[in-house]
Amino acid sequence: MNVVVVGAGVGGLAVAARLAAAGHAVTVLERSEAVGGKLGRYARDGFVFDTGPSLLTLPEVFGDLLLGPFRSRPGEKGWKTVEPVPLDPIVRHRFADGTVLDSGRDPDAFAARVGAALGPAAAAEWAVLWRRAGRIWDTSWRHVLRTPLSPARQAWRLRDLWAIRPGQSLRGVGVRDPRLRMFVERYATYAGADPRRAPAALLAAAYAELAFGGWYLPGGLATLAGALLSRCLDLGVVVQFGTAVTAVDAAGGRVHGVRAGRERIPADAVVTDIDAGDVYRDLLPTPRRLARLADRSLAGFVLLLGVRGDSGLAHHNVYFPEDYDAEFDAVFGDPGRGVRARPAPDPTVYVTVAADPLVRPAGHEAWFVLVNAARQGTAPDAVDWRRPGLAEAYADRILDVLESRGVPVRDRLVFREVLLPGDPIYGTAGSLRRPANRGPVEGMYLVGGSVHPGGGLPLVALGAEIVASALLSRG
């Protein structure tokens with residue numbers, strides 16, 4: 001079988017490696033000059049920043065791609081050169097009242113930390129939530145994350161449906177301690193969602209992180225994309241850079257190949273690793289729109305800071321505001337009532353600082369600073385971040401917020417780079433209803449954070465496994 005993969009993100013490369021290992025001819029077409037998609041990297045003056053994910057969970061989902069039967073032999077390039085390093089703490093959370101809560105892989109130790117930091121009432125609430133999160137995780141792992149979308153879900157047991165309760169939000173689980181509620185609702189932002197409307201099923205993300213751990217790759221998580229590319233090339237995958245696919249040739253309701261400008265590239269099957277909305281709108285011979293499957297997704301306003309000295313910060317740090325709801329009122333606005341989105345004046349600030357000599361000069365640190373933001377645009381639910389002076393003024397505001405929360409950094413700066421919000425960075429925002437992996441025509445498949453089973457490195461890898469299995473079952 002001759003397969004064309006459109007896009008060299010993690011999902012596209014993972015599908016390509018699986019299919020090539022099974023003996024199929026695979027060509028990956030990437031419009032840029034680099035692999036990884038949202039798993040981006042920025043380098044300047046000896047500093048290296050991950051501009052996409054900074055935490056790897058469930059690294060074993062990549063095992064049979066880069067460890068198991070395809071493990072590199074001594075002297076070969078591959079996963080063995082970027083062995084995952086466990087993080088402890090995974091995330092350090094600091095609340096407006098000065099309380100600090102570290103998350104880690106040992107659930108019992110974390111439960112004790114909740115009690116010590118937030119008190120016995122919060123500890124009791126967490127014990128109930130943790131049991132429910134475990135049930136949601138078990139149900140999701142068995143019925144959702146490793147299987148294609150299908151009517152078979154109708155056969156779920158009532159106990160499984162009760163655990164997930166698709167109609168309930170994270171806010172709806174009823175956490176009373178405001179600090180514990182912020183901690184829990186932060187997992188909604190992993191999926192780009194408003195914590196007040198995100199599904200309670202996202203408790204599974206908390207369970208996966210706290211039960212199985214969080215990991216870092218020396219050199220940054222972007223090295224994962226390089227390792228996947230290396231594996232693909234070892235397996236004979238052809239990767240073409242600077243090749244923008246403009247259409248999928250699907251005459252007669254089945255795939256015949258793709259078009260890149262005036263070039264036609266034949267294929268028995270096509271896998272797209274780009275946003276599903278773009279696929280349905282721009283690449284099909286008869287453009288079609290997806291049904292609205294999810295709420296609006298967050299974007300991110302980012303500062304890349306070269307910093308002198310040693311801050312003593314954890315790898316991941318979250319600085320919560322006093323009023324969490326006000327942040328999301330600003331980011332999402334309320335177009336129905338004529339309230340436009342705007343930069344949040346007192347946002348949650350996420351600071352990632354890797355204790356890794358591969359990503360900064362000696363005696364320095366590379367800080368990735370992120371705040372939740374509305375997407376770029378002029379619509380009521382967007383912000384025109386390109387308006388003269390706005391980005392630099394907001395960057396100054398974020399540094400002010402950090403200083404007010406006990407993290408002064410201005411006098412240690414070597415440089416400051418601003419990355420403006422663009423399209424949403426999280427795939428499909430926290431929805432349980434994502435587009436399926438099978439496309440609307442025979443021989444077309446979709447992978448990546450905008451489709452089933454969702455965004456984030458492990459889910460994209462599981463989606464790649466679903467797509468590869470479906471293609472291999474065709475023979």
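These legends go with close-up views of a predicted model. Local features here need pLDDT of at least 70 and side-chain atom pairs 80 or more, while totals for chains, interfaces and linings use all residues. Residues are numbered from 1 along each chain as its sequence is written, and side-chain values use heavy atoms, leaving out hydrogens and water.

**View A. Helices α3 and α4 pack against each other.** Here α3 (residues 107-118) and α4 (residues 120-143) have axes that come within 7 Å and cross at roughly 150°. That makes the pair roughly antiparallel (over 145 degrees). Axes are lines fitted to C-alpha atoms over the stretch in contact, with angles from 0 to 180 degrees between N-to-C directions. Helices are DSSP runs of H or I, at least four residues, and strands are E runs of at least two, numbered from the N terminus. On the α3 side you'll find F110 and V114, among others, meeting α4 residues including W126 and W130 (contact means heavy atoms within 4.5 Å).

**View B. D45 and L58 both have positive phi without being glycine.** D45, with phi near 55°, sits in the loop between β3 (41-44) and β4 (47-50). Its relative accessible area is 54%, so D45 is exposed (over 50%; buried is under 20%, partly exposed in between, with a 1.4 Å probe and protein chains only). L58 has phi of about 50° and belongs to the loop between β5 (56-57) and α2 (63-66). At 5% relative accessible area, L58 is buried.

**View C. The D88 to P89 peptide bond is cis.** Omega is near 5°, and P89 lies in the loop between β6 (85-86) and β7 (91-94).

How values were computed: Parallel < 35°, antiparallel > 145°, perpendicular 65-115°, else oblique.
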